[in-house]
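Here are my notes for you, point by point. Keep the model open while you read and find each residue as it comes up.

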Amino acid sequence: MITQGKKLLAVVLTLALLGGPVQGARAAVTAGDGQADASTPPRLSYSDGEVSFWRPGAQDWAPAQINTPLAPGDELYTGDRSNLELQVGSRAFVRASGDTQLGLVNQDPDFLQLKVTSGLVSVDLRSLDSGTTVEVDTPQAALTIERPGYYSVDVSQDRTSFIARRGGRAIVTPAGGQAVALAASEEIVLDGSPTPTVRSYVAPELDTWDRWNYTRTDHILDALSARYVPPGVYGLDALDQYGSWREVPTYGPIWVPQAVAADWVPYSTGRWIADPLFGWTWVDTAPWGWAPYHYGRWVFVDGYWAWAPGPMVRRAVYAPALVVFFGGPSVRVAIGSPFVSWVALSWGEPVVPWWGRAGFVGRPWWGGWGGPRFVNNIVVNQTTVVNVNTINVYRNVSVHNAVVAVSQEHFGRRAVHEARMAQVDVKRLEPVRGQLRVTPAASSFVAASGAARRPPESTLARSVVATRPHPARQNTPRGEKSVSTAPAVGPSAPAASTPAPRIVPAPKRIQAAPVPSRPAFGTSPVERPRRAEPPSPETTQPANREPGRGAQPAQPAEKQAERRERQAERRPEATPPAPREPGRGAQSSQPPERQAPAPAQPAPQQRSLGRPTVPAPAPAPAPAPAPAQQRVEPAAPSPRPLPGEPANRLYPGRTENKTKNKTENKTENKTENKTDNKTENKTENKTSPR
C-alpha cells in the first residue's frame, strides 16, 4: 500500500512539472538553450602588492580582489614592485608588472581588446582559437595578435617596445603610419610622437620577468585537476593546492576544500558585485574560489561540503553563480524587503537565470552540465518541458546552516561574512524565478573595500591607438531595468577618465593579407651572444656555456642514477625545497604533511624601457629563534576520514615508484641489520665471562 502511494505521488509530481501553461515560465531544457553572452570573462587570477581596480559606476578606485570577473571598461593599476595576472583563456594569460595601467576595452567571442597606457605587460598565449584576435592598444601603436606566442609590451613616456617570442608573430600599426610586421624573436621600438619612428632589433635574452612568466604558465597548465574538469575552466591549479579529489559512487570525482572553518558553507566567504554583462555575480575570497562557484554543483557527503563538476562535457559554460535566491511572505527580494537569502545548487538542479537576454531570464537552465537533471528530487529527461513555477525543492536547503542571508541594505555592498544573519527560517522560503530586483549602489561595482592607489593623472589622460572604437560604458547590469536612482559617481567623477582612442585601419588577417613590410633594422653597438645548445636528457640542468666554448660533458646515466640512489639512501626522508620567490629569502621548511600550498608566485624583478630601475632593498635579517618552552601539548584529535576513495592514484609500475620502494626497502633493511647487530653485541657482552 505504501509502495503504491509513493508511485502515485511520483506520477502527480511529474504531471505537475509538465503542466502549467504560464507564458514565459516554461523552458525546454535542451542543450542548445544558451545565454546571451557565452564567453567566459577574463579573471583576475593573481595579485601581488598594491593592485587597484575600478569599474564604471564605482565611487573610486578600490583594492583589487582575485577571482573578480572583468567586464569591458574595467581598469587595473599596479603600484611600485607589484604584479597582477589575468587569465583570458584556458591557455592564455596577461600579466602586468609594477607601475602599469591595464584596461579591458572589449570582449567578443573572437576578439579581445586590451589597452596599456604605462608600464610592462606580457601576453602569454599558449594557444589561440582559429579566427580569434587579441589587440593591445598603446599610446603609440596598436598590436594585433592572431597566433600563439609570447608577447611583451613596454610603454614609457616617449617610447614603446613590442617583443615577440616562442614563434609569435603580430602586426604593429602606429599612429599615422603604415602597419609593419613583428616577426618571431624580434623587438620593434617606436620613438617620439605624434608620428613615431619605427625600428627593428633582435629580441633580447629572457630576463627575470620573462622567466617568471614562462615558469608560472607551465605551473598553471600542469594541473592534475584537469583530469576531472571539462576544458575551458579556469583556476584548476588552485584546486590542486587547496583541496583533495575523492571518488564517490553517487557523484564520481568530487573536490573537498581544505582549511575551511567547521561551520563553513559555499557562497559565504565573498561578495556579490554588479556586473554589466551577468548581473549579480559572486566573487569569492578563497584562492581556489573560481571554478567551484561558476561551474558544477555543491554536494554534502559524509559531513563534508564537496564540489562535484559532474560528468565531462565538450565545453564548460560560465555562470555568474550557481545558486537559488529565495523570497517569501516575510522574505521578499524587492526594494525595501527585510533580507536576501540564497543556497548553493545541488547535484543536477537547474539554475533559474537572473541575468541575460529576454526569453532566457527566469527559465530553468542546465548550461554546461553533463550529469543527470533533477527537478524537485526527480530525474527529468533533457527534452522534458519544465514549468519553473513548480520548482520548489532544493536539496541543500535541508543541510544545517547552508542557507545564507543578509539584510537588503547590505546585499552587494558589504562582504557576506560581515553581514550574514545568524538564523533563517527555511520553511518559509520561496524561490525567486527571474530577475533579482535589488538596485546596486556605488559600492556594488567593486569586490573589496578600502583605500587604493590611484594611477597618476597623466597616465589616465593618455589616449591610445586602436583599430576599433571603445564601446560605451554601461552601469546597469544587462537584463536589469534601468532606474533613475542609479548610483552616481562622487564629486571626483569620473574616477578613470578615458579619452577617445585614435582609430587606425585594422590590418588584414595574416592568413589572407600579403606579407607586411618590415621596419628598418636599428643600429646598435651591442650584439646578442649565440644561444647555448639545449640540454641533453641525461643532464639535470642546462650547462652554462660561454660563447664559442663547448658544453661540459655530461655524466653517464648509470653514474647519475647511482649517485641519486646513494643520496636517497643517506636522506630517505628528504623532500625538495619549497619554491622560492625570486629576490626573496628561502622559506623555512615544514614537514610534508603540514606544508602550506605554495603556488609559483614570485615577485620578479621589473624591466623598464627608458625608466630608471630601483634596486630591491636588502632583506632584513631573520630574528633569532626564541627558546623552546618545555610544555606538553595535548594530543590533536584525529581528523575525520574524507568521503570516498582517493582519486589521484599513481600507476604502481612506474620506474620512479619502483626506485622509491627500492630505496625504502634498503633503508628498512639497513635499519633492521643495524638493530640486529646491536642486539647481538649486547647479548654477547652480557653472556661472556668477565
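In which sense do strand β24 (residues 323-327) and β30 pair, and over how many bridges? They pair in the antiparallel sense, over two bridges.

1. Ground rules. You are looking at a predicted model, where local features need pLDDT of at least 70 and side-chain atom pairs count only at pLDDT 80 or more, while totals for chains, interfaces and linings use all residues. Residues are numbered from 1 along each chain as its sequence is written, and side-chain values use heavy atoms, with hydrogens and water left out.

2. Look for Phe326, which stands opposite Pro431 in β30. A word on terms: strands are DSSP runs of E, at least two residues long, numbered from the N terminus, and two strands pair if DSSP finds at least two bridges between them.

3. Around β3. Strand β3 (residues 51-54) runs antiparallel to strand β5 (residues 75-78), joined by four bridges, and Ser52 stands opposite Tyr77 there. Two bridges also join β3 to strand β4 (residues 62-63), again antiparallel, with Ala62 as the bridge partner of Phe53. Val51 and Phe53 point one way from β3, Ser52 and Trp54 point the other way, and all are buried. Buried means under 20% relative accessible area, exposed means over 50%, and partly exposed is in between (1.4 Å probe, protein chains only).

4. The nonpolar core. The largest core has 128 residues, and Tyr267, Trp272, Phe325, Trp342 and Phe411 touch the most other members. Strand β9 (residues 111-125) gives the most to this core, with six residues. There is also a second, separate core of six residues, which includes Leu120, Tyr150, Trp209 and Tyr214. By core I mean a set of buried Ala, Val, Leu, Ile, Met, Phe, Trp, Tyr and Cys residues joined through side-chain atoms within 4.5 Å.

5. Most residues other than glycine have a negative phi, and most peptide bonds are trans. Asn67, in the loop between β4 and β5, has a positive phi near 75°, and this residue is buried at a relative accessible area of 0%. Ser185, in the loop between β15 (180-182) and β16, has a positive phi near 60°, but Ser185 is partly exposed at 44%. The bond from Ser193 to Pro194 is cis, with omega near 5°; Pro194 lies in the loop between β16 (186-191) and β17 (197-202).

6. A cavity here is a set of points, on a 1 Å grid over the protein atoms alone, where a 1.4 Å probe fits but cannot get out; lining residues have an atom within 4 Å of a point. The count comes to three cavities of 30 Å³ or more. About 140 Å³ lies in the largest cavity, which is lined by 18 residues, with Tyr295, Gly296, Gly367, Gly368 and Trp369 nearest its centre. The second largest cavity has a volume of about 80 Å³, and its lining includes Val323, Phe325, Trp354 and Tyr394. A volume is the space filled by probe spheres set on the points, which are joined across faces, edges and corners.

Methods. 1 Å grid on protein atoms, 1.4 Å probe; cavity = no way out; pocket = protein on both sides within 12 Å on 5 of 7 lines; lining within 4 Å.
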